[in-house]
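I am opening a notebook page for this chain, and I want to keep what I looked up in order.

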Amino acid sequence: MITTNVCQSCGMPMVAVDHFGTNSDNSQNEDYCCFCFQKGQFTHSQTMLEVIEENLSYLDGNEKVDGHTLTKEEAALRMRVDFPHLKRWSAHQTTHQEYFKAVNRVIDFVNNHLHQPINLADLASVAHLSAYHFHRIFKAVMGESPGDYIQRLRLEKAPLNCRRPT
């Protein structure tokens, strides 16, 4: 039997029943692939952005959509748009929106306190998250660590006459 289901976690087409995940009673689960879901549980506790990054690592540059070869950037954008509609991630959509709000609060805080010492505990407090969780969420959303973000902003805003010659 051939099917055209799409894994509701990683977006992989499941074209054969061998691709289906398994429920806790070992029955087939047609919503999730065998790589994401086994014995009634997700095999990885990754965030949506971590799954996207992992998927991108498997791309070889020959992926085509409607006759157009996708770059990794185009594929990443497509996944960021499509994934929130998959079952696994739609349930977490509210949580992700809260993470984005928390990161935006932190960005506002950083911009208002850029010329003062800022530490991770302060930022985590503004985000209402633990320091560990905040660091992970900030990096996933912004693509750089909070420290790197602050350092980059400070360098960008430094007067030209204070910069080292290159």
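**Overall form**

I began with burial, and of the 166 residues of the protein chain 31% count as buried (under 20% relative accessible area, with exposed over 50% and partly exposed in between, for a 1.4 Å probe and protein chains only). I note that this is a predicted model, in which local features need pLDDT of at least 70 and side-chain atom pairs count only at pLDDT 80 or more, while totals for chains, interfaces and linings use all residues. Residues are numbered from 1 along each chain as its sequence is written, and side-chain values use heavy atoms, with hydrogens and water left out.

I then looked up the dimensions: the radius of gyration of the protein chain is 20 Å, whereas a compact globule of 166 residues would have one near 15 Å (taken over C-alpha atoms, with the globule rule being 2.2 Å times the number of residues to the power 0.38). Along its principal axes the C-alpha trace spans about 70 × 35 × 20 Å.

For secondary structure I found seven helices and eight strands in the protein chain (DSSP runs numbered from the N terminus, helices being H or I of at least four residues and strands E of at least two). Of the contacts between residues at least 6 apart in sequence, 42% join residues at least 24 apart, where contact means heavy atoms within 4.5 Å.

**Thr47**

I placed Thr47 in the loop between strand 6 (41-42) and helix 1 (48-58). Is Thr47 buried or exposed? Thr47 counts as buried because its relative accessibility is 18%. Leaving aside neighbours within four places in sequence, I find Thr47 in contact with Trp89 and Arg136.

**Aromatic pairs**

My search of the whole structure gave five aromatic pairs (rings of Phe, Tyr and Trp, the last by its six-membered ring, with centres within 6.5 Å; planes under 30 degrees apart count as stacked, over 60 as edge-to-face and the rest as tilted). One of them joins Tyr32 and Phe42 edge-to-face, at 5.0 Å centre to centre and 80 degrees between the planes. This pair links Tyr32 in strand 4 (residues 28-33) with Phe42 in strand 6, ten residues apart. Tyr32 is buried at 11% relative accessible area, whereas Phe42 is partly exposed at 31%.

I also noted Phe138 and Tyr149, an edge-to-face pair at 5.6 Å centre to centre and 65 degrees between the planes. Here Phe138 lies in helix 6 (residues 131-142) and Tyr149 in helix 7 (residues 146-157), eleven residues apart. Phe138 is buried at 1%, and Tyr149 is buried at 7%.

Lastly, I recorded that Tyr32, Phe37 and Phe42 form one aromatic cluster.
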